Amino acid sequence: MPFDQALRFTSIWLAATSFIGLTLGAGLPEWLTVLTGAALIVALLRNAGRKSVERLAGSMPISTIGWNLLVMLGFLGFWVDMLWVSGDLLPAGIHFLMILMIIKLFTLKLRRDYVHLYAISLVAILASGSLTTELWYLPIFLLYLFAGVWTLLLFQLTKHSEGTQILTMPVVVPPQPSESVDQVTPQLFWLANGLALATFGLTVVIFFTIPRISAGFYQKGFGENIRTSGFSETVNLGEIGPIKRDPSVVMRVELPDGAPHEVGRFYVRGVAFDQYDGKTWTNRLNYRRNISEDAIGTFVLRRSRLPAPPALGETIRQNILLEPLDTPVLFAAPFAEQVSGTFPSLQSDLIGSVYLPFPSSSRIEYSVRSRSNPVLSTDLDSEPILYPESFIRHFLQIPAQSDRIATLAADVTHTQRTTYEKANAILSFLTHNFRYSLDAPLTGQDQPLEEFLFTRKTGYCEHYATAMVMMLRAIGVPARLVTGFLATEWNEYGNYYVVRQQDAHAWVEVHLPHSGWITMDPTPSSIESVGGGFPAWHALGRMMDTLRLQWGRFFVQYSAADQLTVVRELKAGSTSARNKALDSMSTLFSPLLAMLSGVTEYASKWTMRAWAEVLGLALLSLVVLLWLVIKQPWGQGIISKKTTHNEQFIVQLYGQMTTQLARKGISRRTTMPPLEFVRFTQERWSDAGSAVAFITALYCRARFGQIPPTREELSLAEGHLRNLTTLSKS
Amino acid sequence: MLRPSPSILRRLFHHRSTSVTREGIQFLLFTLAIGIAAINTGNNLFYLLLAMMLSLVLISGIVAEYCLRRLEFHRHLPDRLTVNEPTSVTLVVKNRKSQLPSFSLKIFDVGDGRELRQGLEVHQLLPGTSQLVSYPLIATRRGRLHLEGVCVGTEFPFGLFRKQTFYPIEDMMVVCPEIKPLDESVLRGLLTAGPEQSINRRGSGNDLYNLRLYQAGDDSRKIHWPTTARTSQLTVRETEAEDQRRAVVYVSTLAPPSHDVLFERAVSLAASLLHHLAHRGYMLQLLVGSSRSSFGHGEPHLLELFRMLAICERCSPPAGCIVPGELSGDPLEADEQTMIIVQSWRGLEDVVPEQPTILINGEVIAGAPHAV
């Protein structure tokens, strides 16, 4: 492919990449997307030499002045857009940028035009970066980088110096005539791609080492916070229902100690409520106090003054990556003891919920150490105890109209003696006698709980949990409602739980005399499946999510604190730093490693025939790969069919020339090399010398130097052959 | 303490220079803008773009350095270089790298501390191959031309920076004075008062002296066949003796600084006279200041005389000197050869004339601008 054509192609590729980035990030208006896309396709077809498109573009009755007027009109449109249509600088600017790109694509003639197009595409990719943090930016960036390297390289190679007459000729085999440089040769192809790879490698190194300075006046988060519900101080019964159909990821919970014993159910506690008025849950113990900071960034929660159990439960460590939510609640497995992260301060209320001072506008990462409360053996046979007045006021409160519920609770538990047995009886009653459904229109009811328990017997987690709390309280067992998330989607590639909006959940915390607050969930486990489809798709989805997580962690969230940590690690010792680096690398490549191990595990179950098939396929692939490496068909492809045709054409011309000379009595012996034949001809027929030399030079170059002649050279050679025919030999 | 070998340092950093191209300035401005945006917003994707642009800058430097490394140059010079006469200088550049090609090389020959041409371009030089490039060199003044080396630069790979390095290859050339066609008055002077007046005689030479009948013992190669055919008698041609045509050209180097231009004209005039006389078959001797050549003829002798003229320098006359009196020493045998004196200064009373003065055998050739 000639340099000029390759340059036009890579320039369009560059523009197209930035356009796709901007379309994905900004959501351009449909008309603008279609228009820009069409302009890119037309430019591409023109470059490919489609004559109809060329004619169409050539017949456009727009002069340079017309294009300039269009630019001015676009600028006017930008102001109108900014002031009245979009009402904001950024979208209006992006729209104007696309208009400029369209105009430039149609007027791509001078080198200056190319520079303008590159500037536009750079601003577009920059704007795209300001509008997103999603994983798709990575492939777009990579494409842009490759296109950028190719474009800059070709732009440099097509730069000719003015006014310099150069005389060049090869003196050493293999010959390198000056014309060869106008083609993208295989060497240049690999060199450009190698440069692009090296640039990418260096980009990653510089990205991680460049000091992060946050000294700006224009800092903001990315996009809007995710709207969630069920985590404010007051929650209406049934409020969680609508968000249970939303698959947006709200957090990822990584467990450094490995997968939990029971993969599939992991409770992430948000807030708890003590007061229920028949329709609404309220947290009356919402007085928040600052949590003391033990070390820098480490906050330790003190247990409440209420009866405290001995710390016998299992310790659960979690690293949580929380997406920006519209609530300041900090989620963690029950019951959080210590929270670490880069927070200015943390607060907690009296029932163990943890809060940020205000909702975060960007993704945050923090670590939590929690300890679950196991049921102590002493509680298995202990009678209910008397609680302090304040405790009763909060956790044994029942709305006035709950007599039927009290009767039901008494009926369900009349055979049980201990508190724990009673709680389990109610749990069992709710789990087995009610049907889970999100389509339960109980929100508008006067007495939604009674409607759930006695009429419809269908509901979802909130109804189950509220029913259990009310029934427990009716028989004198302190209980409270907790909202949070029930994580069920374990990502084996990244060793973490993906928590989505649809995992929002409500459950119950029951107070046992000796064990303290324990978690009980009356909602049946046959929760509606997250989605159907093939398991392979789910696996792929989980793999993508892991990549998304690593992208967010290593690129989007990378901060000065991370750099400091790396420096500290390096100071601490090379072994520690090496281990950390290895950990990071293994985390980064964990999806691939996991997939590989999965394949190995799967392969161990294969039969001999399956093995033979796979090995045969691998062998075939190897052969194809070897063929590709040896033959390098892409190199030929780059030179293109057109040039191969040119090569054949010059061979034909040479044949015609020798025939013509033979007619004039100058025959070429088969043993005579072409250049010697030129001298032989010049001695006998000097007038024909230059024509014969020219055609022979092109022939030798194409035949032995693998450099086909250009179209112009072929037409010149044809002219020389015509002259040769008309010349008369003296 | 061990110090690194100076040769390594010299090889690494000596003669390296980098300048930013127009595209490079635009690129750096964009990089700066993205850097400011990244610091302002704290957006890591901006930092990613910034890192990409910085890495392009770094890769530019590294690749350009590799392009310019391990090149080998050879220069081929012509035997004679004359003022204002284009001569082809050839450079052979070889890529001695085993793996990496060099791209977009721009080569400048450096002489007398400056680049001699706009630059010769070598687009691609594969590993282990050579390429021959040539350029027309036009010297603008006579004297010694010191070619110090070759300056090679590249904008590869991205055209953002122009990196240059210098390969020393020393060559010394002598630029002969410009040879111009002699003016008619000078030619006439030479005919009337000069060497053309000398009596010709028979001898060995090239010019025809006489035709006579063949005699026994004559060289058969001297038979003049056209006359023999016309007259039906064997006729031989006799040639004019050339050893008799001897001329001494004297160029006075004494001239005040105000006569600098005139002195150069005088040197050029002397060269043109020598050229003219040499082609007329004269034995020539040149006296320049106190330098004196031997009598001789032929191309090598003429080249030697031109070299003498090329390196001669004007001498300011000593205080109190009224007329140029440097023509002393061996008495000139004016009877046997023609004496031509070319003067740019004729003494204290001389105002700066337009042309140098020519004296042929003591006779002034008036108004002798030699350029046509």
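B:Asn84 sits in the loop between strand 3 (81–82) and strand 4 (87–95) of chain B; helices (H or I, at least four residues) and strands (E, at least two) are DSSP runs, numbered from the N terminus. This is a predicted model, where local features need pLDDT of at least 70 and side-chain atom pairs count only at pLDDT 80 or more, while totals for chains, interfaces and linings use all residues. Residues are numbered from 1 along each chain as its sequence is written, and chains are lettered from A and ligands numbered from 1 in the order in which they are written.

Although B:Asn84 is not a glycine, its phi is positive, at about 60 degrees. It counts as partly exposed, with 15 C-beta neighbours inside 10 Å. On this scale, a residue is buried if 20 or more other C-beta atoms lie within 10 Å of its own, exposed if 12 or fewer, and partly exposed in between, with C-beta atoms placed from the backbone. B:Ser104, not a glycine either, has a positive phi of about 50 degrees. That residue belongs to strand 5 (residues 102–111) of chain B and is buried, because 22 other C-beta atoms lie within 10 Å.

Zooming out, chain B holds seven helices and 18 strands, and 36% of its 372 residues are buried.

Now for helix 2 (residues 22–41) of chain B. With 20 residues at 1.5 Å a residue, this helix should span 28 Å, which agrees with the 29 Å between its end C-alpha atoms; the expected span is 1.5 Å times one less than the number of residues. Its buried residues are B:Glu23, B:Phe27, B:Ile34 and B:Ala38.

B:Ile25 has 11 other C-beta atoms within 10 Å, so it counts as exposed. Its C-alpha atom is 7.5 Å from that of B:Leu160, 135 residues apart along the chain. Just after the helix, B:Gly42 takes a positive phi of about 70 degrees.

Cis peptide bonds turn up too. One joins B:Phe156 and B:Pro157, with omega about 5 degrees, and B:Pro157 lies in the loop between strand 9 (143–154) and strand 10 (161–176) of chain B.
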